[in-house]
Amino acid sequence: MAEKIIMKGNEALAEAAISAGCRHFFGYPITPQTEVAAHMAKRLPQIGGTFLQAESEIAAINMVLGAAAAGVRAMTSSSSPGVSLKSEGISYLAGCDLPCLIVNVQRGGPGLGGIQPAQSDYFHATRSTGHGDFHILVFAPATVQEMADLVAGAFSLADKYRMPAMVLADGMLGQMMEPVVLPEGDSNPPPPKPWAVNGHKNIRSHNIINSLYLEPNDLERTVVERYARYEEVKRTEQQAEEYLCSDAEIFLVSYGATSRIVKSAVVKARAEGIKAGLIRPITLFPFPDAYIDKYVGQAKVFLSVEMSMGQMIDDIRLAVNGRKPVAFFGRTGGVLPTPDEVLGKIREIAGGVK
Amino acid sequence: MATIFTRPKSIADVPFSYCPGCTHGIIHRLVAESIDELGIEGNTVGVCPVGCAVMAYDYFNCDMIQSPHGRAQALATGIKRAIPESVVFTYQGDGDLAAIGTAETVHAATRGENITVIFVNNAIYGMTGGQMAPTSLSGQVTQTTPYGRDTAIAGHPVRVCEMLATLEGVALAQRVTVESLRTVTAAKQAIKKAFTYQLEGKGYSIIEVLSICPTNWGLSTEKSLQWLRDNMIPYYPLGVFKDKYAKEGAK
Amino acid sequence: MKDPMHILIAGYGGQGILFSGKVIAYAGLIDGKEVSWLPSYGPEMRGGSANCTICLSKDPIASPYIEFPEFFVAMNQLAFNKFASTVEEGGMVVYDSAIINGATERKDMQIFGIDAVTLAEDSGLKGLANMVMTGKLFKELSFCAFDSLEKAVVKCVPEGRTQLIELNLKAIQLGIEN
């Protein structure tokens with residue numbers, strides 16, 4: 001096994017992308033994700049790759065669109081306001097069925113917001129990363145180790161389903177250092193991409209990458225086909241961690257940085273004899289509703305804890321589908337909840353369900 | 001019997017969607033002839049815009065990609081950086097290149113991206129039905145300047161080649177037109193030169209082609225050509241605004 | 001040894017604040033602990049101030065962000081004034097008495113001054129006051145095994161600047177002896 005080293009989340013993610021075979025990075029500076037770009041700027045020229053600082057987030061995502069269309073593993077990274085700007089390009093990537101990786105190291109919003117960690121882009125990532133009917137794969141790391149570990153899977157599932165993938169992190173995970181074992185080598189080499197626009201070499205007919213369909217029935221057909229793929233993604237690609245769930249009655253649901261705080265609150269609640277457990281979504285699209293479903297019988301209540309005003313809670317409610325109550329606790333604007341605050345909410349709920 | 005005129009190999013045998021009298025067809029042909037003569041169709045990737053040429057992906061036989069509005073040169077950058085040995089061109093109108101895509105244009109140019117940009121300037125938004133373009137002339141009546149373009153309100157028309165010629169990364173910036181046999185021949189030479197520069201790794205080339213829009217100008221083809229000569233060429237003079245590799249005295 | 005330990009180091013950018021923090025985190029890792037390191041970032045840094053928080057724990061670390069640190073290393077007056085009041089009851093402050101007036105009304109924490117800047121300069125270790133302070137913190141807190149601290153310095157010094165290892169270790173020693 002490779003050595004455990006201490007590294008920033010942003011740098012671990014960047015290095016893991018290189019291990020996953022990414023040689024093309026296009027970005028624009030924004031706090032708190034800048035180390036991703038800085039790391040790529042240092043490393044990619046050493047290994048024959050391309051690092052390019054674009055004139056805007058809009059240009060950066062469109063450079064990714066071009067590179068992905070040419071058939072290479074390409075990525076961009078940004079933080080919330082910058083990801084808003086990428087929305088147009090992400091919609092085109094989805095409409096053109098192109099795989100790529102987009103990293104969002106979230107900060108508080110709306111507007112210029114703040115620069116401290118937040119999870120208020122959940123809706124944007126899972127509901128509407130751009131105009132039109134589409135989804136992207138969304139992965140939510142909770143540790144620096146996962147900042148590295150989820151990258152290869154994101155690239156390979158993006159390739160497999162021909163859709164963009166996003167790593168939805170936050171300023172805490174991006175900026176903090178933790179011990180990490182970096183992945184070695186490219187265990188998921190990209191599949192052949194016969195659809196790429198890389199020159200037909202006079203041996204095949206010309207490829208066209210396009211998202212324009214002026215005939216409504218044609219457009220509907222492509223969208224319906226894409227949604228059939230999304231159904232397969234929902235069936236087969238859900239990932240979540242279950243923590244102290246087997247006998248739990250109060251199920252906390254939390255992802256990313258917040259889930260670490262929640263885990264600590266769950267441990268404290270258990271010490272008080274409260275049967276709390278944690279379901280930690282690792283994929284946000286597909287949302288791991290199978291995990292909710294598995295425990296909905298034994299659960300007395302679900303509690304969504306987020307660094308937002310309540311966004312993932314909608315997916316929990318959809319999965320619970322009215323069978324059990326779903327409560328919420330959140331901080332927003334860049335404020336991290338504390339384990340004691342979450343414990344307080346657990347106690348309040350435990351009092352209510354007894 | 002000897003064939004003296006035929007469809008270029010890299011142009012698809014499909015009906016074009018352009019209006020009668022439009023010069024897009026001629027410009028497409030010049031691009032395709034250049035690709036054929038240089039023997040590069042198999043390595044070429046074309047990027048088409050949002051605008052009248054949006055469906056040009058069906059008209060060229062090389063690999064094609066359709067770009068978001070204004071972003072063609074960012075896409076071209078991504079393709080070229082991914083496959084440096086490919087030949088990448090964009091085909092863009094005035095709204096696409098000089099309004100919504102100005103940042104992408106200026107920065108691809110200043111980076112000296114080794115791509116070929118074909119810029120069709122007809123001083124109007126064609127596809128959406130005749131609104132003011134960044135290159136619409138002072139006083140020009142369009143759907144969104146019904147009293148004529150008032151530069152005090154709507155600003156001045158942009159001279160793209162002159163602006164880009166100031167940038168280090170630009171190898172070739174040339175304005176041509178296709179209003180006569182003579183100018184068509186000159187336009188062909190310029191377009192082929194731009195592709196040749198890319199093959200030689202010389203950097204960014206832009207060929208601006210003054211073009212007509214009989215439909216939205218509300219003029220016959222003949223009158224449109226005359227309007228171009230009388231109004232566009234005086235404001236947008238033809239010529240080479242930058243040629244980094246011109247031989248001394250050859251200009 | 002106390003567990004978990006939450007340490008804040010604060011001062012100016014360029015004083016080696018983030019580096020000291022990384023050395024402490026690495027020492028914890030070598031000791032087999034869970035560790036985290038979180039810097040200040042963004043406009044907070046633009047005024048020239050820098051700080052970082054290190055957590056060392058046998059259990060997984062919930063949040064690397066600590067509002068009320070137990071142990072605080074102050075590298076300038078501004079940082080001392082800002083953070084000394086946030087230290088937990090029963091906590092500890094180590095400050096550079098060469099450049100900081102360490103007067104405080106608090107009686108509920110330990111406080112240690114050391115003339116780090118002058119000690120470093122007098123020993124030909126200009127710019128290594130941060131490691132003198134780290135040595136002082138080690139002496140008063142023993143946050144890791146000494147062996148681990150030495151190994152951590154070796155890990156943290158960038159490749160190609162190995163001459164700095166010895167100087168850093170000397171500075172730590174200075175902190176331990178004073």
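In the predicted model, helix α1(C) packs against helix α6(C) through C:Phe19, C:Lys22, C:Val23, C:Tyr26, C:Ala27 and C:Ile30, which meet C:Ser148, C:Leu149, C:Lys151, C:Ala152, C:Val153, C:Lys155 and C:Cys156 of α6(C). Two residues are taken to be in contact if their C-beta atoms, placed from the backbone, lie within 7 Å. Helices (H or I, at least four residues) and strands (E, at least two) are DSSP runs numbered from the N terminus. By class, the residues of this contact divide into nine nonpolar, one polar and three charged; Ala, Val, Leu, Ile, Met, Phe, Trp, Tyr, Cys and Pro count as nonpolar, Asp, Glu, Lys and Arg as charged, and the others, Gly among them, as polar. The axes of α1(C) and α6(C) come within 8 Å and cross at roughly 125°, which makes α1(C) oblique to α6(C). Axes are lines fitted to C-alpha atoms, for helices over the stretch in contact, with angles running from 0 to 180 degrees between N-to-C directions; angles under 35 degrees count as roughly parallel, over 145 as roughly antiparallel, 65 to 115 as roughly perpendicular and the rest as oblique. The crossing of α1(C) and α6(C) is right-handed, that is, the near helix is turned clockwise from the far one by less than a right angle, anticlockwise being left-handed.

C:Val157 lies in the loop between α6 (146–156) and α7 (163–177) of chain C. C:Val157 is partly exposed because 19 other C-beta atoms lie within 10 Å, where 20 or more would count as buried and 12 or fewer as exposed. Apart from neighbours within four places in sequence, C:Val157 is in contact with C:Thr162, C:Leu164, C:Ile165 and C:Asn168.

Of the two pairs of chains in contact, chains A and B share the most contacts, whereas chains B and C do not touch, their nearest C-alpha atoms being 27 Å apart. The contact of chain C with chain A takes 15 residues from chain C and 17 residues from chain A. On the side of chain C, α1 (17–30) and β2 (34–39) each supply at least two residues, and β2(C) gives the most, with five. That side comprises eleven nonpolar, three polar and one charged residues.

Chain A is divided into domain 1 (4–236) and domain 2 (240–353), with bounds from an automatic or database domain assignment. The C-alpha centres of the two domains lie 28 Å apart, and 27 residues of domain 1 are in contact with 22 residues of domain 2. The largest share of the domain 1 side, four residues, comes from α5(A).

Residues are numbered from 1 along each chain as its sequence is written, and chains are lettered from A and ligands numbered from 1 in the order in which they are written. As the model is predicted, local features need pLDDT of at least 70 and side-chain atom pairs count only at pLDDT 80 or more, while totals for chains, interfaces and linings use all residues.
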